[in-house]
Amino acid sequence: MQHLIESAGESRRPAADMADLAEVIRTLLAVQAGRDTRVRLGGNLFDVVITSSGPQAHGAAALMDEIQGRCGPVIEDPASGRFHWLVPPGSSTRWQPHTHAVCLGSPHTITLPPLNRTTPPGPYWFRPPASDRLVPTGPLRKALTHTRPEPTPHTTTAAQADTTT
């Protein structure tokens, strides 16, 4: 049997992206199991748009509810006064500067709250994730331009290496 394994050569090694897939699965299982879980932004998962979480941001979420039928995943962190909108991966490379929002991707990280945490204390799912959607950046950008969430996150976000929801 060992001879057969060795004769397989390179083909017996797992694909390079399998390690990433395994990490994603472990991460999602940890979130589902009720643990805060730190994940890398970018890759094949998602990027994040950061805004304040005041009344204007709540208004933007209501607009996105109308557009999407139910807004894609949004985490609110009451301690920092921020919303973290989970947007499609790669959005940070296409995101144009916005006066009321910042978009981050790789190499930053975010801590996801457990799926069953939908109220404070601590970061919670303001809009829990649905398996089939993220927040689309085009409509989100328009909603944020319309509602203008204050204060803007630019100075505090730039000063941090990671997103610590």
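Mentor: Let's open with Asp 65, which forms a salt bridge with Arg 127, the closest N and O atoms being 2.6 Å apart. Salt bridge here means a side-chain nitrogen of Lys or Arg within 4 Å of a carboxyl oxygen of Asp or Glu. This is a predicted model, where local features need pLDDT of at least 70, side-chain atom pairs count only at pLDDT 80 or more, and totals for chains, interfaces and linings use all residues. Residues are numbered from 1 along each chain as its sequence is written, and side-chain values use heavy atoms, leaving out hydrogens and water.

Trainee: Which parts of the chain does the Asp 65 and Arg 127 pair link?

Mentor: Distant ones: Asp 65 is in helix H3 (residues 55-68) and Arg 127 in strand S7, 62 residues apart. Helices (H or I, at least four residues) and strands (E, at least two) are DSSP runs, numbered from the N terminus.

Trainee: Is Asp 65 buried or exposed?

Mentor: Asp 65 counts as buried at 19% relative accessibility, and Arg 127 does too at 12%. The cut-offs are under 20% relative accessible area for buried, over 50% for exposed, and partly exposed in between (1.4 Å probe, protein chains only).

Trainee: How many salt bridges does a search of the whole structure find?

Mentor: It finds 2. Arg 117 pairs with Asp 36, with the closest N and O atoms 3.1 Å apart. Arg 117 lies in the loop between strands S6 (109-112) and S7 (124-127), and Asp 36 in the loop between helix H2 (16-32) and strand S1 (37-40), so the pair ties together parts 81 residues apart in sequence. Both are partly exposed: Arg 117 has a relative accessible area of 22%, Asp 36 one of 46%.

Trainee: New topic. What does the side chain of Asp 47 reach?

Mentor: The backbone nitrogen of Gly 90, at 3.1 Å. The backbone nitrogen of Ser 92 also lies 2.8 Å from a polar atom of the Asp 47 side chain. Asp 47 sits in strand S2 (residues 47-52) and counts as buried at 1% relative accessibility.

Trainee: And the largest nonpolar core, how many residues has it?

Mentor: It has 19, and Val 49, Trp 85, Val 135 and Leu 140 have the most contacts inside it. A nonpolar core is a set of buried Ala, Val, Leu, Ile, Met, Phe, Trp, Tyr and Cys residues joined through side-chain atoms within 4.5 Å.

Trainee: Which element gives the most to this core?

Mentor: H3, with 4 residues. Apart from this core lies another of 13 residues, among them Val 39 and Trp 125.

Methods:
Polar contact = N/O pair within 3.5 Å; in protein donor to acceptor, adjacent residues only side chain to side chain.
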